[in-house]
Amino acid sequence: MDMFILQAFNGLSVSSILLLIALGLAVTFGLMNVINMAHGEMIMIGAYATFVTQNLFISYMPDSWFNTYFLVALPVSFLIAAAVGWLLEVLLIRHLYGRPLDSLLATWGVGMILQQLARTIFGAPNVGVTSPSWLSGGFAVTDSIVLPYTRLFIILLVVVVLLLMYIYIYKTAQGRRMRAVMQNRNMAGCLGISTRQVDGLTFAIGSGIAGIAGCALTLLGPIGPSLGTYYIVDAFMVVVLGGVGKLVGTVAGAMGIGVFNTLFETYTSASIGKVLVFACIVAFLQWKPRGLVALRSRSLD
């Protein structure tokens, strides 16, 4: 039973991290059909924003305030990554709509530029971020099972972000415009919706969520210029498996990949487990090419 509880928690924590990383990608990819290879660098930007915030608190704030730096770093990471994503959409991606290969190569190049810029500013070696003291330790379920507070906090953070995204997409006027453009861009434009404004705002929100993911990843280990590269493939797997443009599908895809990946790694190894997950995804997409939850609209018929 102890082993089952531990593996279930590990699968849930891996799923929550994948969901947070893939959530912004699912919104942008589903809305604009742009394969943003620089999404991983938005994660990196959020992580370095957290590192800078920590150093500013160390240098200019009283020592008693240090434990609050992470709560400040979360909105800072979101805003900085969102600003970079908005600039990327306005200056580059906006001119490449309808050209998927060009947008893929262009965003890949932007990602390389951002990585080199990070190496120039912060250096090539990884840097560490100190977790607040209130995230030290863990919750003891039994004598042999302790659930780290950092993992529990990340799970709670994912739930909050997911709830806010649901409210924004389904309960606000701007969210309705986003869904209208996603389902039928031409018709939404004919009805007076500024599709360019929706594209820019959506891309900024997706990049901001990636920044929050980078902030959360600083709790798990050191960060570096290549941080986002390790997660971008898994994020695309979550989006494709869940179904493009569907929030429920993204959640289901992240949970499935996280749980099966942990399960396979328990009985094999990390590399074999990853191969088995890929094989299961390929087999499933042969059965349901549109993913777990397909977006239904007249534009797809």
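Biologist: How many salt bridges does the structure hold?
Modeller: The structure holds 4 salt bridges, and please keep in mind that we are looking at a predicted model.

Biologist: Which residue does Arg 99 meet in a salt bridge?
Modeller: Arg 99 pairs with Asp 102, their side chains meeting at 2.8 Å from N to O. Arg 99 is partly exposed, with a relative accessible area of 41%, and Asp 102 is partly exposed too, with a relative accessible area of 33%.

Biologist: And what does Arg 185 pair with?
Modeller: The side chain of Arg 185 meets that of Asp 199 in a salt bridge, with 2.9 Å from N to O. Arg 185 lies in helix α7 (residues 185-190) and Asp 199 lies in helix α8, so this pair ties together parts that are 14 residues apart in sequence.

Biologist: Is Asp 199 buried or exposed?
Modeller: Asp 199 is buried, because its relative accessible area is 1% and the cut-off for buried is under 20%.

Biologist: Which side chain does Lys 274 meet?
Modeller: Lys 274 forms a salt bridge with Asp 234, and here the N to O distance is 3.3 Å. Since Lys 274 lies in helix α11 (residues 270-287) and Asp 234 in helix α9, the pair ties together parts that are 40 residues apart in sequence. Lys 274 counts as partly exposed at 27% relative accessibility, whereas Asp 234 is buried, with a relative accessible area of 12%.

Biologist: New topic: what span does helix α4 reach from its first C-alpha to its last?
Modeller: Helix α4 (residues 100-122) has 23 residues and reaches 32 Å, which is close to the 33 Å expected at 1.5 Å a residue. Just after α4 comes Gly 123, which takes a positive phi of about 95°.

Biologist: Which residues of α4 are buried, and what do they pack against?
Modeller: The buried residues of α4 are Ser 103, Thr 107, Val 110, Gly 111, Leu 114, Gln 115 and Ala 118. They pack against α2 (39-60), α3 (69-91) and α9.

Biologist: Leaving aside neighbours within four places in sequence, what is Ser 226 in contact with?
Modeller: Apart from those neighbours, Ser 226 is in contact with Gln 115 and Arg 119. Ser 226 is found in the loop between α8 (195-217) and α9 (229-242), and at 24% relative accessibility it counts as partly exposed. Ser 226 and Ala 124 are 102 residues apart in sequence, yet their C-alpha atoms are 9.3 Å apart in space.

Biologist: What about Val 251, which helix does it lie in?
Modeller: Val 251 lies in helix α10 (residues 247-267). Once neighbours within four places in sequence are set aside, Val 251 is in contact with Leu 19 and Leu 162. The C-alpha atoms of Val 251 and Ser 15 are separated by 8.5 Å, although these residues are 236 apart along the chain.

Biologist: Last one: which residues form a nonpolar patch on the surface?
Modeller: The patch is formed by Leu 156, Val 160, Leu 163, Leu 164, Tyr 166, Ile 167 and Tyr 170, and together they have about 640 Å² of accessible area. Among them, Leu 164 has its place in helix α5 (residues 149-171) and is exposed, with a relative accessible area of 53%.

Notes: Residues are numbered from 1 along each chain as its sequence is written. This is a predicted model: local features need pLDDT of at least 70, side-chain atom pairs count only at pLDDT 80 or more; totals for chains, interfaces and linings use all residues. Side-chain values use heavy atoms; hydrogens and water are left out. Helices (H or I, at least four residues) and strands (E, at least two) are DSSP runs, numbered from the N terminus. Buried means under 20% relative accessible area, exposed over 50%, partly exposed in between (1.4 Å probe, protein chains only). Contact means heavy atoms within 4.5 Å. Patches are made of residues with over 30% relative accessible area and no salt bridge: like charges are joined within 9 Å, nonpolar side chains (Val, Leu, Ile, Met, Phe, Trp, Tyr) within 5 Å. Accessible areas come from the Shrake-Rupley method with a 1.4 Å probe; for residues, only the protein chains shown count as cover. The expected span of a helix is 1.5 Å times one less than its number of residues.
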